[in-house]
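Visitor: I'd like a friendly tour of this protein model, please. Could you take my questions one by one?

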Amino acid sequence: MADTTQDSEEREITLEEGREIDADHPNPIIREIAEKDVSSAIAVAGHPLHAMLVHFPIAFVISTLGIDIFYWFTGDEFWLEVGKWSAGAAFVFGVLAAVVGTLELLAVPGIRVRVASWNHAIAAMVMLAIVGANTGLRLFWPETVLPNGLMLSVLSSMAAGFAGWHGGKLIFDHGVGLLISSKQ
């Protein structure tokens, strides 16, 4: 009876410490997940293509927010035009990164079994939907950029932050797509 209590306490401590997936985890299901391959299936010279592409939509999403703030303060039509191009570039690069990321998710079982992968994918799709709406608003109703476009830029920036957070967890906590050099 004491052994059962001690095992239970060890498991609670392990969970409280936030122990990540590893081959020595007490839970057999988590050990099985840890054994799955997480190397990138879509890579150039061993470098994951999705990780290379995501920087562009993130940069354009944040830039669009800054551009909207400039437009709000100055009222200069120049910023309205720049915002249209920035939001459009965020959408195009976001679709490209999403296609590659989705293919990666479907191709690598070790990525599919991790909850952070699905959190990242869902947040990225939400961000992409908001960016698409923001781009459409700028193309067809530019007079509504203030306040609607500004609000969409804030929301898309928040979604980009959430998606980026979970993408970072995949890399730093789960080692997704990492190549470990034998020289180190």
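What follows is a conversation about this predicted model, from the overall fold to single residues.

Visitor: How many helices and strands does the chain have, and in what order do the elements run?
Guide: Happy to start there, and please keep in mind that the model is predicted. The secondary structure amounts to eight helices and two strands. Read from the N terminus, the order is α-α-β-β-α-α-α-α-α-α.

Visitor: What share of the residues counts as buried?
Guide: The cut-off here is under 20% relative accessible area. Applied to the 184 residues of the chain, the buried share is 35%.

Visitor: Among contacts with a separation of 6 or more, what percentage joins residues 24 or more positions apart?
Guide: A contact here means heavy atoms within 4.5 Å. Of the contacts in the chain with a separation of 6 or more, the part from residues 24 or more positions apart is 68%.

Visitor: How much of the exposed surface comes from carbon and sulfur atoms?
Guide: The chain exposes about 11200 Å². The part of that area supplied by carbon and sulfur atoms is 68%.

Visitor: Are D68 and R138 buried or exposed?
Guide: The test is relative accessible area, with buried meaning under 20%. D68 and R138 come out as buried.

Visitor: Which helix holds both E81 and K84?
Guide: The side chains of E81 and K84 meet in a salt bridge of 3.3 Å, N to O. They sit three residues apart, about one turn of the helix. That helix is α5 (residues 77-107).

Visitor: Which helices each supply at least two residues of the lining of the largest cavity?
Guide: The count comes to one cavity of 30 Å³ or more, and the largest cavity has a volume of about 30 Å³. Its lining is made up of V61, T64, A87, A90, V131, N134 and S156. By class, these are four nonpolar, three polar and no charged residues. The helices that each give at least two are α4, α5 and α7.

Visitor: Which helix gives the most to the lining of the largest pocket?
Guide: The largest pocket holds about 730 Å³ of space, and of its 34 lining residues the closest to the centre are H50, V54, G101, H120 and G167. At least two lining residues come from each of α3 (49-53), α4, α5, α7 and α8 (145-172). With eight residues, the helix that gives the most is α8.

Visitor: How many charged residues are in the lining of the largest pocket?
Guide: The lining divides by class into 20 nonpolar and 13 polar residues, plus the charged class. The charged count is one.

Visitor: Why does H166 count as buried, and which residues does it contact?
Guide: H166 lies in helix α8. H166 is buried because its relative accessible area is 7%, with the limit at under 20%. Leaving aside neighbours within four places in sequence, the contacts of H166 are A116, N119 and H120.

Visitor: How far apart in space are L137 and K84, C-alpha to C-alpha?
Guide: L137 lies in helix α7 and, at 11% relative accessibility, counts as buried. Not counting residues up to four places away in sequence, L137 touches P142, T144, V145, N148, G149 and L152. L137 and K84 are 53 residues apart in sequence, and their C-alpha separation is 8.9 Å.

Visitor: What distance separates the C-alpha atoms of A51 and V100?
Guide: A51 is found in helix α3 and is partly exposed, at 30% relative accessible area. Along the chain A51 and V100 are 49 residues apart, while their C-alpha atoms are separated by 9.4 Å.

Note on methods. Residues are numbered from 1 along each chain as its sequence is written. This is a predicted model: local features need pLDDT of at least 70, side-chain atom pairs count only at pLDDT 80 or more; totals for chains, interfaces and linings use all residues. Side-chain values use heavy atoms; hydrogens and water are left out. Buried means under 20% relative accessible area, exposed over 50%, partly exposed in between (1.4 Å probe, protein chains only). A salt bridge is a side-chain nitrogen of Lys or Arg within 4 Å of a carboxyl oxygen of Asp or Glu. Helices (H or I, at least four residues) and strands (E, at least two) are DSSP runs, numbered from the N terminus. Accessible areas come from the Shrake-Rupley method with a 1.4 Å probe; for residues, only the protein chains shown count as cover. On a 1 Å grid over the protein atoms alone, a cavity is a set of points where a 1.4 Å probe fits but cannot get out, and a pocket is an open set with protein on both sides within 12 Å along at least five of seven lines; lining residues have an atom within 4 Å of a point. Grid points are joined across faces, edges and corners, and a volume is the space filled by probe spheres set on the points. Ala, Val, Leu, Ile, Met, Phe, Trp, Tyr, Cys and Pro count as nonpolar, Asp, Glu, Lys and Arg as charged, and the others, Gly among them, as polar.
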